[in-house]
Amino acid sequence: ARGGLRETGPETGRILDLPGVTSCAPFIESLVVVEYREQMQPAAIRGIDLARDALAAKLTNSVESGVADLGEDATMMGADLAFSMGVMPGREISVMTPRALTGDKELRLPDELDVTGVFRVGMYQIDEGFIVTSLETARELLGMEDGEVDGLQVMVAEPERAGDIAKVLRRELGPGYSVRTWMEMNRVLFGALATEKNLMFFLMAIISVVACFMVMSTLITVTVQKTREIGLMKALGFSGLRVAAVFLWYALIQGVLGVAAGLAMGALVIRYRNAILDGLSWLCGRELLPKELYYLDELPARLLASDLWIIAAVVLVMTLVAALVPALVAGRKDPLEALRDD
């Protein structure tokens, strides 16, 4: 966006012509102060066009009370912001914008808006700090010219490719425009999540190594218990490699059963993750997923078949590697010594 950007400017058509772009909607955004019954809280006001904004459907479906109506002098509030101020649909709030202090130092009275609905989209940052109006109402509040907007919200078919499309937009629009992706706007949050993911991978790897040592310990015990059987097999002509293969198959069966049970339990935990999280929070007496820190009302999850296959393959390989030593020891046993020891 840049100063003087128009709602129906040529930029919209150029953006929509790019491959991968699904919609382009104008918006207005500014910081304001919301007042209700002598309570004042800072918030962000966002003016949108419900007919063109691709996120309008999500906003409409997220209405907790009231209706999704952005008519003249109407607004919708985030659920957490409305709850903290005690605002309900049908009430009137006062909004003070940067326009309140004019150039000649005169104080402008706050504008009055009717609250038509309360929404909860699931992101604490939005539910706690946003009010939404129409483009026309936002222009009137902020003293903007007719048709002027702050920016254009671009939606793409593949959110993961937002960075690539942003590069194309910067090249097409030129240096007079600032293009930011959703990943760049939430860089700190994604950095924290990436660090936590790496730590969780490290912890899971250590747990898997411990489990493999348990498989090794089990095979060593079985090797000692089956000394007589190993001696008989060698006496009957079984080679050392065939004896070792028997124990490797035994370890592989253990690994397959363990991986299957682990995947099933993991899928079950992910399916009921939020209920489990609520129960643990209740037992611990504190919130384990603070909305103020993660900006989320619940724990999101997405299962990828590729990740599951990689995890299963790595665990099975680690299991076979751990079983290799006791299997080779069993295969190298001398039949006479094995039968004599028995």
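This is a predicted model: local features need pLDDT of at least 70, side-chain atom pairs count only at pLDDT 80 or more; totals for chains, interfaces and linings use all residues.
Modeller: Two strands are said to pair if DSSP finds at least two bridges between them.

Colleague: What makes β4 and β7 a pair of strands?

Modeller: Strand β4 is joined to strand β7, residues 130-134, by two bridges, and the strands run antiparallel. Because at least two bridges are asked for, the two bridges between β4 and β7 are enough for a pair. One of the residues involved is Met77, whose bridge partner in β7 is Ile131.

Colleague: Why is Thr133 called buried?

Modeller: Thr133, which is found in strand β7, has a relative accessible area of 0%. Buried means under 20%, and therefore Thr133 is counted as buried. Leaving out residues up to four places away in sequence, Thr133 touches a list of residues that includes Ile45, Gly47, Leu70, Ala74, Leu113 and Ala138.

Colleague: Which strand runs parallel to β7 and is joined to it by five bridges?

Modeller: That strand is β2, and in β7 the bridge partner of Ile48 is Ser134. Strand β2, residues 39-48, is also joined to β1 by nine bridges, in an antiparallel arrangement, and Val34 stands opposite Gln41 of β2. Between β1 and β2 there are two residues, so that the strands form a hairpin, and Arg37 in the turn has a positive phi of about 50°.

Colleague: Why is Glu35 called partly exposed?

Modeller: Glu35 has its place in strand β1, and its relative accessibility is 28%. Since buried means under 20% and exposed means over 50%, a value of 28% lies in between, and therefore Glu35 is partly exposed. Although Glu35 and Ser94 are 59 residues apart in sequence, their C-alpha atoms are 5.0 Å apart in space. Ser94 is also among the contacts of Glu35 once neighbours within four places in sequence are left aside, together with Met40, Met85 and Ile93.

Colleague: What makes Phe202 count as exposed?

Modeller: Its relative accessibility is 52%, and exposed means over 50%, so Phe202 passes the cut-off. Phe202 sits in helix α8, residues 187-225, and belongs to a nonpolar surface patch of about 790 Å², whose other members include Met200, Leu203, Ile206 and Met214.

Colleague: Which residues have the most contacts inside the largest nonpolar core?

Modeller: They are Ile15, Ile28 and Leu169, in a core of 19 residues. At least two residues of this core come from each of β1, α5, β8 and α6, and α6 gives the most, with four residues. Beyond its neighbours within four places in sequence, Leu169 is in contact with Ile15, Leu18, Gly174 and Val179. Another core, of 18 residues, lies apart from this one, and among its members are Tyr36, Met85, Val87 and Val118.

Note on methods
Residues are numbered from 1 along each chain as its sequence is written. Side-chain values use heavy atoms; hydrogens and water are left out. Patches are made of residues with over 30% relative accessible area and no salt bridge: like charges are joined within 9 Å, nonpolar side chains (Val, Leu, Ile, Met, Phe, Trp, Tyr) within 5 Å. Accessible areas come from the Shrake-Rupley method with a 1.4 Å probe; for residues, only the protein chains shown count as cover. A salt bridge is a side-chain nitrogen of Lys or Arg within 4 Å of a carboxyl oxygen of Asp or Glu. Buried means under 20% relative accessible area, exposed over 50%, partly exposed in between (1.4 Å probe, protein chains only). A nonpolar core is a set of buried Ala, Val, Leu, Ile, Met, Phe, Trp, Tyr and Cys residues joined through side-chain atoms within 4.5 Å. Contact means heavy atoms within 4.5 Å.
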